[in-house]
Every structure is written in C-alpha cells, then in structure tokens.
There are 2 protein chains.
Amino acid sequence: MLAKEEISSLFTFGGELAAKSRALILSHLKGGFTSKEKSDGSLVTTVDLAAEELLRSLIEERYPSHGIIGEELENRAPDSEYQWILDPIDGTLNLARGIPTYGTIIGLHFRGDPIVGFLDHPSLGVLYSAGKGLGAFRNGEKIHIEDFPSSPHVLGLGSRDIFAKSKDEGIFDLLSKHFPKLRVYYDCFAHALAAQGSLSAVVEFNSKIWDIAATELLIEEAGGKFVEVKSWVDSDGIKRYSNVFGRSEIVEKIKSLIANG
Amino acid sequence: MLAKEEISSLFTFGGELAAKSRALILSHLKGGFTSKEKSDGSLVTTVDLAAEELLRSLIEERYPSHGIIGEELENRAPDSEYQWILDPIDGTLNLARGIPTYGTIIGLHFRGDPIVGFLDHPSLGVLYSAGKGLGAFRNGEKIHIEDFPSSPHVLGLGSRDIFAKSKDEGIFDLLSKHFPKLRVYYDCFAHALAAQGSLSAVVEFNSKIWDIAATELLIEEAGGKFVEVKSWVDSDGIKRYSNVFGRSEIVEKIKSLIANG
C-alpha cells in the first residue's frame with residue numbers, strides 16, 4: 001500500500017490533469033472541432049484526441065515511468081505498477097451535439113487497485129474526485145452516498161443496446177420493471193450521481209476499463225458499494241466488466257434480482 | 001397581434017421573472033427544503049411552491065389584469081387575453097435528488113398564441129428564451145435549430161410510462177427502433193436541446209399546458225417545426241397534448257411513422 005503522502009500528491013496532480021483537460025475541452029468547444037465515426041460505429045472528435053494527448057504528455061512529463069491506458073491511443077509502459085487510465089471524453093456524441101452531460105474520466109491504479117479517480121464535467125463546471133483513504137469530493141466538498149434520501153429509488157442504467165451486446169437486455173427489462181424511476185445517462189455523469197446519492201444505484205454492463213477507471217474508488221470513498229457481476233475478455237481481445245454500484249442495500253437487492261432472473 | 005414594442009417589454013419582464021425564480025431556487029437548494037407526494041404520485045417540494053408564489057406575485061404586481069395558470073396553485077383571471085403559464089419546477093424529482101437537469105418553464109400566451117417563452121436551468125446556469133418575432137436565445141445568444149449537425153439523429157422521447165398513460169407505448173417502442181440514439185429527459189431540458197438542434201426532434205405525449213408553455217414559440221423562433229399529433233380533455237378535466245417538434249424534415253418523418261404505425 002502507498003503512503004498517504006504519496007496518495008495525496010498523486011491526488012493533487014490528478015486534479016491538475018482534470019483542470020487542464022477541462023480548459024482545453026472548453027476552448028475547443030468555443031473554437032470549433034471535427035468528428036468522425038470509429039470502426040465500432042462510435043464517434044471520436046478532435047477534442048477527444050487533443051485531450052488525451054494533453055493528459056498523456058502531462059503524465060509522461062511528471063511520471064515518466066508510469067503506464068497509460070487510454071481509449072483513443074496506444075498503451076504505454078504496460079508493466080508499470082502505476083497505470084493511469086483515461087477516457088478523455090465519455091459521451092462524445094453529447095459533446096458533439098452541445099448536450100452538457102459528457103465528461104472526462106481519469107483513474108490511477110497501483111498494482112491493480114484504484115488510488116485516485118476523477119470524473120470531470122467541463123460544461124457543467126463540476127469535478128468529482130476521490131483519493132484512497134482521503135474521501136470523495138464534489139468541487140472540493142466531501143460527498144456521501146447518504147447525502148440524498150433514497151425513496152423513491154431512482155436507478156441509473158446503461159442504455160438497452162449496451163446490455164444487448166452481451167445478450168443481457170433481459171436484465172435491463174427486469175430492472176426497468178422493478179425500478180420505474182429510471183435514468184439512462186452516460187457513464188461519467190451517472191457514476192458521479194451514484195457517488196453523491198442522487199441515484200440509488202447504477203447498473204452498467206459491458207464497460208471497458210476506462211469507463212469505470214474512477215468509479216469503484218469514488219463509490220467506496222463516498223460510503224457505497226461496488227460489485228462486479230461478471231467480467232470477460234471479448235472477441236476483440238478487450239476485457240469487459242459488468243457492475244452494480246451505489247447504496248449497499250440496493251446493490252445487494254439488484255444482485256439478487258439479477259441472480260434469480 | 002401585439003406591437004413589437006409590447007412583445008419586447010413582455011420579453012424583458014419574463015427574463016426578470018426567470019432570473020428572480022432562479023435566485024430563489026438556488027437559495028432553497030443551499031438552505032434546505034422538504035418534499036411530499038401529490039395525489040397523482042408525483043413529487044412537490046417547498047421549492048416548487050415558493051417559486052410559483054414568487055412568480056405569481058411578480059406578475060400580479062406588474063400586470064394585475066393578466067391571467068395565471070400554474071402547475072401547483074389555482075388559476076387566476078381565466079378570461080384575460082393574456083395568460084401566464086408556469087411550471088416552477090419541471091423535473092422535481094431531479095431537483096430533490098441533486099440531478100441538475102430540472103428547469104423552470106414560463107410562457108405567456110395572448111389570445112391563445114404564445115408571445116414569450118422561457119426555459120431556465122438554474123443548476124446548469126442556462127436560460128433559453130424566445131419572443132414572437134424576436135428570435136430564440138441561449139443566455140442571450142441567438143440559437144438556430146441548424147446549429148448542430150443532425151447525423152446521426154438523436155431523438156428525445158418522454159419516458160415510456162408517460163406514453164403508456166394514453167396506451168401509446170407502442171409509439172415509444174416504434175420510435176426507439178427507428179432512432180436507436182435516444183435520450184429520455186424531462187421536458188424543460190429536452191425541449192431546450194431540441195431548440196438548439198442538439199436533439200433532432202422530441203416526441204412528448206400526454207403533456208399538460210405548463211409542460212409545453214414555452215416550447216412551440218422557442219422551436220419556431222429557432223427555425224424548427226412544432227406539430228400536435230393529438231389533444232384531448234382527460235378524465236380529470238385537464239387537457240392533454242401530444243406533440244412532435246424539432247427539425248422540420250424529422251418532424252414530418254416521425255409524423256408519418258406514427259400515422260402508419
């Protein structure tokens with residue numbers, strides 16, 4: 001385990017990363033950008049690429065031995081004990097359309113365990129952050145999963161077509177029936193809302209590592225529970241994760257709903 | 001038809017209403033509030049009531065002869081040619097849970113025609129406004145429905161259980177298949193996103209007058225199309241409206257999809 005001082009120092013640096021990528025993203029939004037479809041049909045913009053390049057160069061300058069895993073570019077130093085995991089824009093289609101609920105995901109894992117994590121929302125002006133043993137924060141103020149009442153339960157789900165990728169759309173339908181008050185948001189926005197207790201829980205299937213790079217730590221530091229339902233390496237060689245997280249009692253209830261079909 | 005000077009003056013006053021209700025809402029969010037369930041199962045908070053009371057008192061002071069229709073309180077001067085239509089908090093459950101995509105809807109109709117309209121988003125810091133013949137605006141800057149590209153189409157739908165109220169869930173399912181890139185947001189946020197072209201179109205069934213009080217004008221002043229699919233007086237004596245609005249070509253396409261089932 002790392003010393004608290006080292007975690008604090010990494011947490012401070014991660015906050016600088018988030019602030020600098022936010023400034024770059026907002027300047028691109030003002031100045032104009034272009035977008036294109038990737039081979040998997042999803043969108044990538046010049047903002048995604050510029051933000052990931054900026055984050056990588058800042059990390060390489062400060063911590064040249066650290067590894068980097070990013071959605072848009074090649075992995076760096078895959079054998080390092082420290083792995084920065086980056087999704088420069090989660091919700092690219094929202095960003096491209098002027099819908100403000102996209103975000104930047106930054107996580108640092110040490111020997112596979114999350115140490116610091118950031119979910120930044122440039123167009124909302126809200127940064128969620130967490131450091132192992134330091135707590136979870138919204139714009140610097142501590143958050144707890146109990147900050148809001150939980151009745152009626154409001155559930156966050158990934159979109160149905162994402163569940164369908166692993167033939168799990170039945171789970172989407174089952175949970176929709178049990179939790180009529182549903183929200184379907186992109187990862188970054190949904191996971192932050194779960195950490196501050198706005199959503200009772202989130203069920204996210206078929207995530208890649210950068211989608212959830214900050215989530216487990218943020219949820220646990222906010223006093224919630226993060227559980228993996230399953231994980232596997234898909235046909236493209238990339239690992240997928242299906243998770244439930246939020247208030248402990250709801251996470252348990254959802255786990256048993258899923259287990260019992 | 002009203003003179004342009006009168007519309008401008010009403011537009012300015014409406015902007016003051018929005019600014020004052022926003023300040024009140026944000027101060028309640030900081031200071032704390034309570035909520036309770038209404039007879040229809042939906043939520044109302046002390047913020048909803050305080051905001052509607054503030055808006056009413058400001059209107060009564062400035063325009064004592066004008067009518068007022070609000071979601072939470074009794075109608076005033078129902079025979080006036082001028083009718084202010086108010087939904088102080090659209091998306092009360094979001095507000096109560098700290099989810100920032102709720103909003104305030106303010107419209108003024110003259111002899112049944114919309115003259116000025118406002119969709120304010122206090123927690124996002126964004127006001128959408130429109131005046132008949134004056135244009136549509138986002139924080140004071142002109143918006144046009146062509147401001148964003150429309151491919152791939154992103155469709156906004158009311159939630160499926162709202163469609164089910166008039167046994168129209170088949171329409172939700174039909175449109176979900178034709179437009180896989182779906183967003184399900186509350187009225188105020190969705191309608192504003194349609195007006196700035198972020199969503200290609202929005203299909204909203206079973207609306208009450210205050211849900212759409214500002215929408216038709218905002219969409220039309222932004223260069224889009226607003227059509228009614230049907231309207232009727234429901235068993236509770238309150239009129240319901242089912243509408244499609246956004247980019248003209250998509251609105252036409254959706255109309256014919258709905259007509260041909």
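**Entry 1: Arg56(B)**

I began with the side chain of Arg56(B), which reaches the backbone oxygen of Glu74(B) at 2.8 Å; I count a polar contact as a pair of N or O atoms within 3.5 Å, where within protein one must be able to donate a hydrogen and the other to accept it, and residues adjacent in sequence count only if both atoms are side-chain atoms. This is a predicted model, in which local features need pLDDT of at least 70 and side-chain atom pairs count only at pLDDT 80 or more, while totals for chains, interfaces and linings use all residues. Residues are numbered from 1 along each chain as its sequence is written, chains are lettered from A and ligands numbered from 1 in the order in which they are written, and side-chain values use heavy atoms, with hydrogens and water left out.

I then asked where Arg56(B) lies, and found it in helix α2 (residues 46-62) of chain B; helices (H or I, at least four residues) and strands (E, at least two) are DSSP runs, numbered from the N terminus. Is Arg56(B) buried or exposed? Arg56(B) is buried, with a relative accessible area of 8%, where buried means under 20% relative accessible area, exposed over 50% and partly exposed in between, with a 1.4 Å probe and protein chains only. Leaving aside neighbours within four places in sequence, I listed the residues in contact with Arg56(B) (heavy atoms within 4.5 Å), among them Ile68(B), Leu73(B), Glu74(B), Arg76(B) and Leu86(B).

**Entry 2: α1(B) against α2(B)**

Helix α1 (residues 4-31) of chain B packs with α2(B) at an angle of about 150 degrees, with their axes 10 Å apart; axes are lines fitted to C-alpha atoms, for helices over the stretch in contact, and angles run from 0 to 180 degrees between N-to-C directions. That angle makes α1(B) roughly antiparallel to α2(B), a label for angles over 145 degrees, with under 35 as roughly parallel, 65 to 115 as roughly perpendicular and the rest as oblique. I noted that the residues making this contact include Phe13(B), Leu17(B), Leu24(B) and Ile25(B) of α1(B) and Ala50(B), Leu54(B), Leu58(B) and Ile59(B) of α2(B).

**Entry 3: the sheet of chain B**

Here I traced an open sheet of 5 strands with mixed pairing, in the order β11-β10-β12-β14-β13 (chain B); two strands pair if DSSP finds at least two bridges between them. The edge strands are β11 (182-183) and β13 (225-233) of chain B, each pairing on one side only. Strand β10 (residues 155-157) of chain B pairs with β11(B) in the parallel sense over 2 bridges, and Leu155(B) has Leu182(B) as its bridge partner in β11(B).

Which helices did I find on this sheet? Helix α5 (residues 169-178) of chain B lies across β10, β11 and β12 (201-207) of chain B and runs at about 160 degrees to β10(B). Helix α6 (residues 187-195) of chain B packs on the sheet as well, touching β12 and β14 (239-246) of chain B, with a direction that makes about 145 degrees with that of β12(B).

**Entry 4: backbone exceptions**

Most residues other than glycine have a negative phi, and most peptide bonds are trans, so I looked for departures from both. Asn206(B) has a positive phi of about 60 degrees although it is not a glycine; Asn206(B) lies in strand β12 of chain B and is buried, with a relative accessible area of 11%. Ala77(A), also not a glycine, has a positive phi of about 45 degrees, lies in the loop between β3 (67-70) and β4 (82-90) of chain A, and is partly exposed at a relative accessible area of 31%. A cis peptide bond joins Ser151(A) and Pro152(A), with omega about -5 degrees, and Pro152(A) is found in the loop between β9 (141-142) and β10 (155-157) of chain A.

How many residues of strand β7 (residues 126-131) of chain A are buried? I found 6 of the 6 buried, so β7(A) is largely enclosed by the rest of the structure. Val126(A), Tyr128(A) and Ala130(A) cover one side, and Leu127(A), Ser129(A) and Gly131(A) are on the other. Strand β6 (residues 113-121) of chain A pairs with β7(A) in the antiparallel sense over 6 bridges, and Gly117(A) stands opposite Ala130(A). The two strands β6(A) and β7(A) form a hairpin with 4 residues between them, and Gly125(A) in the turn has a positive phi of about 70 degrees. β7(A) also pairs with strand β8 (residues 135-138) of chain A in the antiparallel sense over 4 bridges.
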